[in-house]
Structure formats: C-alpha cells, structure tokens
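Subject: Structure handover

Hello,

Please find below the structure I said I would pass on. My notes on it come after.

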Amino acid sequence: MSAFQPTTTSFQPGARTLPGECFTSPAILADETERIFARGWNCVGRAARLERPGDYFIATIAGESIIVVRDREGTKRAHFNVCRHRGTRICMEDSGRFIETIQCPYHAWTYGLDGRLIGATHMQEVEGFDKREHALHAAALTEWEGFLFVNLARDPQPFEAQWAPMRGRLSRFGLTELRVGHRVVYDVRANWKLVFENYSECLHCPTIHPKLATVLPYQSGANDLTEGPFLGGYMEIKAPNLSATMSGRACGVPIGPDVPADDRHRAYYYTLMPNLLLSIHPDYVNYYLVHPVAVDRTRVESEWLFHPKTLEDPGSNIRDAIEFWDLTNRQDWDIVAQSQLGVASRRYTPGPFSPRESIPAAWDREYLRLMERG
C-alpha cells in the first residue's frame, strides 16, 4: 500500500482562468518577482553538484546572482554575488571550483568560501575598518531529498515550516541517492504561470500527447495534495507498460528499494511553489526548474535522475525515458506558446475550468493568495 491515502480534488464550480493581464503585464511580473520568488524557497538544483570543497555554481533568483558553494569544512552556503567593496559581480563563470578563496576581479577583495572577508587591499589604512563587518551577504540555504533550496529574504520563513506538507512525504522513493543522467534547458515562449498550469492537468493529453496518453490515461489516478503551494498526485501506468518510456519497458532498476508495490505502477506529479515541477516514475525521476525571463518567455531547466546502478549498467536504456519526456515537453512548450498568444488577445476573457482541471484551478487560487489578490 502507499504511504498515504490519496483523495480526489474537490472541484469548486465557477472557477475560471486568470485575467489576461496576469500573463502580459510587466508590472505584474515585477510584483511576482518580489512577492513570490524573492520570498520563497527556490530550488536551485541537486546537492550532488557540490561534491568537493570549493565546488560552486551560480543560481539566478528574482534577478539576483547567487554563488552556491561547498566551503572547506563541507558546509553548503549561498552568497550574493556582490563584492562588499564597490558592488562588483565577483564570479562570472556559471560553475567551477574555487581552490581556496573567492576574489573580486576589480580590486582583489578576497573572501573565504564561508563568505568571510580575509583580504582587502589598503583598507588597513582606513581608520575603524573591520573585516568582520564586510563578509559577503548570505542567502538562506537548505537541502531536501537531495535538492538545494535558496531563499533571498532577510528573515525568511523557516523551510521546515513552509515545506511542512512535504516533509517525509516522498521519503519512500529514495530521491537523495539518485544521480543525474541527462540535462537540458528549454526556452519556452510563454508566461511561467502557463507552464505551471499546463503541468497541473492532463485533460490536454489525448490531443497534445498521443504517445503519453497510451501509457498514462488521463482519467486514472488521484490527487493527494489539493490546496496550497504544493499540489499533485499520481496517474496509473497502463499495462503492459512498466514505465513512462518510449518502449513502455523500465529503463533501469527501481529508484528505491522501499517503494511500495502500488507505487511501482504509478507516476507522481507535483507542482512545488515557487519554481519546482517534480515527476516521479518507478525507475527514474525528472524535474523542472521554472525561471521567468519576461512576461512571454520562461527558461526551464530539466534533469533526469536515475539510481546509480542504472547509470553504471551498460544494459540500461536511459534514452528510453529521456526521449519520452523530451518529446512530451516540446509538445507542451508548443501549446503553451499558442496559449500565450491567445491570452494576449484583446478579446480573451477568463474561461471556466472543468472538474478535470481542479489542480490548475487550485494553483491559481494559491497564486492569487501569494499575490494578495484573492
């Protein structure tokens, strides 16, 4: 049996799509940046990227450049990519490894990997100057199920409180142990909310995803998270298919040894505000990081995760899973681009949701709550 008893989302009659300005207004996007992304716990990728002390990568959140790094003691940290001298961006490479320190290329102010200022040319001549007062500005960072999350707020709501509905919910899948087998970045010509809404329902699957619909019937399954910032549930994998792959066969070993029998025939899909879409299958996981670029453009980073034994076994066929979802994703990006063109029309008006669209309707309600427009 599953670790929880799923329930069907209660549909609220009269629910309608968002007004057109929500998808086309630069002012609303700027407001979203401050209210949702600058205050929330943004996923920045997998902790495995910081394997050794000094390993780092750059994450962009709400227009801010953040250095995510493992320090000499092994602690993972997030620093604003801003020198405390004259504000210069310190690190220009997307990823790499610091040997000992982080140094500004302008006037050579030098910081430890923990953010402490350890060298500042000629500042010893400045009366009252104290290095301890000029450490790199820190952003809050935490880890969950092998994912790293960063919060830009000066006094963020604790992750443990904000993400309480997700604590332990997915532990049976062993997500922490999975490793990246493939990565792709998509440029989507649509508003970020259309990406979230599209991911939240499969009513469109028979027409947009004929291959997907043969494996995951859109009327199967149920939802276990139906209100709030975390939404989703499962779909049944239709026999004789064993997984969501091009062939229908499993592409490798199960993702975790403790996955219950029921879950070996299901695929789980969750939207986790503000920027993570998580898809869990019996033999692999893929996830998406959603980054608004403009009102009509979204950058989506996606990675496919597999059990280490799958990646080590030359007999595994991870391309079977990668090609399945790359095809499906591109079909989604094409249709949401058409949606973007439609909602920008002067004749667009909000349309009614059906009972099969209860999750995007719930997502819209949470969005309006976060925007204080509900």
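Residues are numbered from 1 along each chain as its sequence is written, and side-chain values use heavy atoms, with hydrogens and water left out.

The average pLDDT (the predictor's confidence in each residue, from 0 to 100) is 94 for the chain, and 97% of the residues score at least 70. Over residues 1-9, pLDDT stays under 50. Where pLDDT is low, the predicted coordinates should not be read in detail.

The largest nonpolar core has 50 residues. Such a core is a set of buried Ala, Val, Leu, Ile, Met, Phe, Trp, Tyr and Cys residues joined through side-chain atoms within 4.5 Å, where buried means under 20% relative accessible area (1.4 Å probe, protein chains only). Trp192, Leu216, Trp325 and Tyr367 have the most contacts (heavy atoms within 4.5 Å) inside this core. Helix α8, residues 319-343, gives the most to the core, with seven residues; helices here are DSSP runs of H or I, at least four residues, and strands are runs of E, at least two, numbered from the N terminus. Apart from this core lies another, of 28 residues, including Leu175 and Phe230.

Three strands form an open antiparallel sheet in the order β6-β7-β8; strands pair if DSSP finds at least two bridges between them. Its edge strands are β6 (101-103) and β8 (117-119). Tyrosine 111 has leucine 117 in β8 as its bridge partner.

Regards

Methods: This is a predicted model: local features need pLDDT of at least 70, side-chain atom pairs count only at pLDDT 80 or more; totals for chains, interfaces and linings use all residues.
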